[in-house]
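The following account leads the reader through a single protein structure. The sequence and the model are shown first, and the explanation follows.

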Amino acid sequence: MSETIKLYQLGTFAVGNRLLDPDDRSVQADVERSNTLTSGHRACQGCGEALGARYVLDAAMRATAGNLVAANATGCLEVFSTPYPESSWQLPWLHSLFGNAPAVGSGIAAALRAKGRTDVRVVAQGGDGGTLDIGFACLSGMFERNDDVLYVCYDNEAYMNTGVQRSGATPPAARTANTKPVGDEPGNVFGQGKSAPLIAMAHEIPYVATATVADLHDLERKVERAMEFRGARYLHVLVPCPLGWGSAAADTIRIARLARETGLFPVFEAERGEVVNVSKIRGRVPVEEYLRAQRRFAHLFGEQPRTDVIERIQAGADRNIRRFGLLEEM
């Protein structure tokens with residue numbers, strides 16, 4: 001269960017002129033944390049993926065009393081956390097190929113089932129390239145078979161590990177190494193890509209959710225909720241990448257919050273194909289504020305601003321707001 005807390009001043013723990021109980025406060029360092037992704041990794045400063053993975057795996061470890069195995073696709077998360085011969089992982093962890101982490105997770109779950117080990121749970125994880133593109137068939141197969149695996153996609157909206165190339169999650173107009181900011185439609189073209197959460201919902205698997213690193217309590221709660229189900233589950237986490245997005249390392253949380261507050265990244269939960277919970281937008285923000293904070297959209301704000309492109313991006317955010325009911329009713 002989650003409890004809605006009214007915050008009258010952002011960035012503090014003051015609620016109605018009283019302080020929150022210590023149990024309700026966000027604490028990164030705690031003696032009881034498993035620190036599943038521990039210090040020593042080589043992630044960039046401000047890496048949203050490192051933060052997201054730490055909280056996801058720690059929450060999963062709590063939910064399973066430490067009985068957890070992880071399969072990890074090739075990508076940034078694997079590369080920066082396991083430079084041979086070292087590892088920052090403190091749980092049974094397997095490195096899969098770029099595109100078969102869902103299949104490896106399914107294999108682990110099948111092996112555990114054959115051994116009668118219902119107490120040990122499985123998490124498979126990867127970036128948006130390994131999830132939405134290269135590993136898409138394996139992921140759909142995992143969903144269709146309803147294998148007992150929680151799959152987590154850490155979405156930084158491009159192939160960051162190989163040089164910031166476009167992926168199926170790259171947003172319209174974004175500059176990448178192969179979507180140059182030139183021509184009538186600069187950056188990534190409109191109308192391409194896919195929504196993995198909606199596709200997961202179409203499989204009618206037990207649980208699908210989205211989250212961002214801007215709300216770690218929400219992220220942890222959704223991991224713990226996912227572990228209450230058996231069968232295939234999918235969690236899609238927005239993890240800003242300062243390197244690929246051209247944003248300040250100190251702005252990772254702010255940008256993730258703006259993605260939600262603009263409506264560009266709807267945050268919700270679904271069970272067996274039906275949306276059951278939506279994180280409402282507390283203070284709606286125009287998409288321009290989100291776009292200006294990232295150099296990958298700098299070409300939209302030159303001497304002749306591309307207001308036509310910005311308006312199309314705003315229209316997409318407005319559609320998400322209508323589709324998911326993201327605004328509080330006045």
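Glu157 is situated in the loop that runs between E6 and H6. In this predicted model, the phi of Glu157 is near 70 degrees, a positive value in a residue other than glycine. Most residues other than glycine have a negative phi, and most peptide bonds are trans. Is Glu157 buried or exposed? With a relative accessibility of 9%, Glu157 counts as buried, because the limit for a buried residue is under 20% relative accessible area.

Val164 is also found in the loop between E6 and H6. The phi of Val164 is near 65 degrees, again a positive value in a residue other than glycine. Val164 has a relative accessible area of 15% and is therefore buried.

Further along, the loop between strand E6 (150-155) and helix H6 (196-202) holds Asn188. The relative accessible area of Asn188 is 2%, and this residue is buried. Which residue has a side chain joined to that of Asn188 by a polar contact of 2.9 Å? The partner is Arg166. Leaving aside its neighbours within four places in sequence, Asn188 is in contact with Arg166, Thr170, Pro171, Pro172, Ala173, Ala174 and Thr179.

The peptide bond from Tyr84 to Pro85 is cis, and its omega is near 5 degrees.

Helix H1 covers residues 48-63, and its 16 residues should span 22 Å at 1.5 Å a residue. The C-alpha atoms at the ends of H1 are 23 Å apart, which agrees with that expectation. Of the 16 residues of H1, 14 are buried, so this helix is largely enclosed by the rest of the structure. Just after H1, Ala65 takes a positive phi of about 55 degrees.

The nonpolar interior can be considered next. In soluble globular proteins, nonpolar side chains tend to be buried together. In this model the largest nonpolar core has 36 residues, and Tyr154 and Leu235 touch the most other members. At least two residues of this core come from each of H1, strand E3 (68-72), helix H2 (76-81), E6, strand E7 (207-212), helix H7 (216-226) and strand E8 (233-238). Which element gives the most to this core? The answer is H1, with nine residues. Apart from this core lies another, of 32 residues, which includes Ala71, Cys153, Val208 and Ile281.

The surroundings of Leu235 may be examined individually. Leaving aside its neighbours within four places in sequence, Leu235 is in contact with a set of residues that includes Val56, Leu150, Tyr151, Val152 and Cys153. The contacts of Leu235 also include Ala209, Thr210, Ala211, Leu219, Lys222 and Val223.

Helix H9 (residues 252-262) is mostly covered, with eight of its 11 residues buried. The buried residues in H9 are Thr252, Ile255, Ala256, Leu258, Ala259, Arg260, Glu261 and Thr262. What covers the buried residues of H9? The covering elements include H1, E7, E8, helix H8 (242-245), H10 and H11. H9 is followed by Gly263, whose phi is positive, near 95 degrees.

The remaining topic is the space within and around the protein. The structure holds one cavity of 30 Å³ or more. About 120 Å³ of space lies in the largest cavity. The lining of the largest cavity is formed by 15 residues, of which Gly75, Cys76, Gly127, Ala158 and Met160 lie nearest its centre. Helix H4 (residues 128-134) gives the most to this lining, with three residues.

H11 gives the most to the lining of the second largest pocket, with eight residues.

Methods
Residues numbered from 1 in each chain as written. Predicted model: local features only at pLDDT ≥ 70, side-chain atom pairs only at ≥ 80, totals over all residues. Heavy atoms only, no water. Helix = DSSP H or I, 4+ residues; strand = E, 2+ residues; numbered from the N terminus. Expected span 1.5 Å × (residues − 1). Buried < 20%, exposed > 50% of the residue type's maximum accessible area, 1.4 Å probe, protein only. Polar contact = N/O pair within 3.5 Å; in protein donor to acceptor, adjacent residues only side chain to side chain. Contact = heavy atoms within 4.5 Å. Core = buried A, V, L, I, M, F, W, Y, C linked by side-chain atoms within 4.5 Å. 1 Å grid on protein atoms, 1.4 Å probe; cavity = no way out; pocket = protein on both sides within 12 Å on 5 of 7 lines; lining within 4 Å. Points joined across faces, edges and corners; volume = space filled by probe spheres on them.
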